[in-house]
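These are my notebook entries on a structure that I opened for the first time. I kept them in the order in which I looked things up.

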Amino acid sequence: MKIPWFYFASPPTFYRLAGWMAPAFFALAALLGAAGLYTGLVVAPTDAQQGEVYRIIFIHVPASWMSMFIYFVMACYGAVSLTFNTRLAAMMARALAPTGAMFTFVALWTGSFWGRPTWGTYWVWDARITSELVLLFLYFGFIALANAFEDPRRGDRAAALLALIGLVNLPIIYFSVLWWNTLHQGSSVKFTGSTMHVAMLWGMLLVALSFWMYSIGASLTRVRAIILERERRTHWVRGLAT
Amino acid sequence: MKPHEFYLWMSYGMTAVALLAEIVALRMRRARSLKRIEEERDLEAQD
């Protein structure tokens with residue numbers, strides 16, 4: 001079956017499609033979030049070393065994963081927009097940035113409140129934490145640059161370029177705990193397996209899935225507003241606001 | 001309040017605030033966009 005990409009990439013079509021899909025993704029996010037929090041806060045046992053405070057993991061790790069994953073997807077949309085000059089890809093990159101920044105902030109904030117009882121400090125200039133902070137600044141830079149031009153297409157191109165350059169930070173974040181001697185612990189979950197209790201692992205994975213669904217719902221909702229702003233002088237948008 | 005509860009509440013609370021703030025911002029942005037379209041259309045109709 002051949003997928004009509006150009007049909008779905010047209011702003012009027014995608015606007016309607018996103019309007020149908022976003023509530024479904026938000027509903028999925030709520031269901032998975034409830035299941036993940038129940039598993040993490042009720043089912044998962046108390047950690048032998050850290051006690052109850054380890055339960056911050058059920059937000060901290062999924063938020064950190066999403067902060068990096070959203071940046072990667074945003075850069076991919078940026079690359080597509082630069083290569084094929086597609087309007088929708090650039091709008092999707094713009095729509096993802098605030099959600100990515102929000103998850104990066106949540107990862108830093110929860111990490112800080114986990115660090116205080118376990119390391120004795122809210123903040124250290126550790127390689128993992130510093131590179132995550134750089135990611136937050138990259139998101140801010142992307143948003144600022146995208147909105148710095150009167151012509152939005154110029155803003156799209158400049159921001160896409162910044163997103164692509166900033167990609168180099170992702171492997172630095174991921175491998176920082178291996179490359180440098182850091183205070184931050186290494187990964188408990190790898191592609192080869194996990195050292196965690198099964199309930200802890202499921203709690204974390206369910207919340208991660210919930211954040212993923214939420215990110216899709218939020219970016220689809222935001223891209224609808226961006227489409228309205230960009231296409232406001234077209235007949236189909238004028239018809240919507242009646 | 002047990003010592004760990006403060007750190008848990010601060011983490012889960014801020015996450016809830018951040019998610020809610022984004023949802024409110026999304027709704028406000030959509031309402032602002034629609035209002036702008038209506039205003040521009042009314043201005044053109046007056047011309």
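Entry 1, the fold. The model is a predicted one. By that count I found 9 helices and 2 strands in chain A. Reading along the sequence, I noted the pattern α-α-α-α-α-α-α-β-β-α-α.

I looked up the extent of the C-alpha trace of chain A and noted about 65 × 35 × 35 Å along its principal axes. I then compared the radius of gyration with the rule for a compact globule: for 242 residues the rule gives a value near 18 Å, and the 20 Å of chain A agrees with this. Of the 242 residues in chain A, 49% count as buried. Among contacts in chain A with a separation of 6 or more, I found that 76% join residues 24 or more positions apart.

Is A:S67 buried or exposed? I found a relative accessible area of 0%; A:S67 is therefore buried, since the cut-off is under 20%. A:S67 belongs to helix α3, which covers residues 57-84 of chain A. Leaving out residues up to four places away in sequence, I listed what A:S67 touches: A:G100, A:F103, A:T104, A:E132, A:L135 and A:Y139.

I next looked up A:N147, which is placed in the loop between α5 (127-146) and α6 (152-166) of chain A. Its relative accessible area is 53%, so A:N147 counts as exposed, the cut-off being over 50%. I noted that a polar atom of the A:N147 side chain lies 2.8 Å from the backbone oxygen of A:I143. From A:N147 to A:A107 I found 25 Å in space, C-alpha to C-alpha, and 40 residues in sequence.

I then turned to A:R94 and A:D156, whose side chains form a salt bridge at 2.6 Å, N to O. This pair links distant parts of the chain, with A:R94 in helix α4 (residues 87-119) and A:D156 in helix α6, 62 residues apart. Both A:R94 and A:D156 are buried. A:D156 also forms a salt bridge with A:R153, at 2.9 Å from N to O. A:R153 and A:D156 lie in helix α6, 3 residues apart, which is about one turn of the helix. A:R153 is buried, as is A:D156. I recorded a network of salt bridges that links A:R94, A:R153, A:D156 and A:R230.

How many residues does each chain give to the contact between chain A and chain B? I found 37 residues from chain A and 24 residues from chain B. The two chains bury about 2900 Å² between them, with 66% of it on carbon and sulfur atoms. Between chain B and chain A I counted 9 residue pairs in polar contact, both residues at pLDDT 80 or more. The side of chain B that touches chain A divides into 12 nonpolar, 4 polar and 8 charged residues.

Technical notes:
Residues numbered from 1 in each chain as written. Chains lettered and ligands numbered in written order. Predicted model: local features only at pLDDT ≥ 70, side-chain atom pairs only at ≥ 80, totals over all residues. Heavy atoms only, no water. Contact = heavy atoms within 4.5 Å. Buried area = accessible area lost by both parts, 1.4 Å probe. Polar contact = N/O pair within 3.5 Å; in protein donor to acceptor, adjacent residues only side chain to side chain. Nonpolar A, V, L, I, M, F, W, Y, C, P; charged D, E, K, R; others polar. Helix = DSSP H or I, 4+ residues; strand = E, 2+ residues; numbered from the N terminus. Rg over C-alpha atoms; globule rule 2.2 N^0.38 Å. Buried < 20%, exposed > 50% of the residue type's maximum accessible area, 1.4 Å probe, protein only. Salt bridge = Lys/Arg side-chain N within 4 Å of Asp/Glu carboxyl O.
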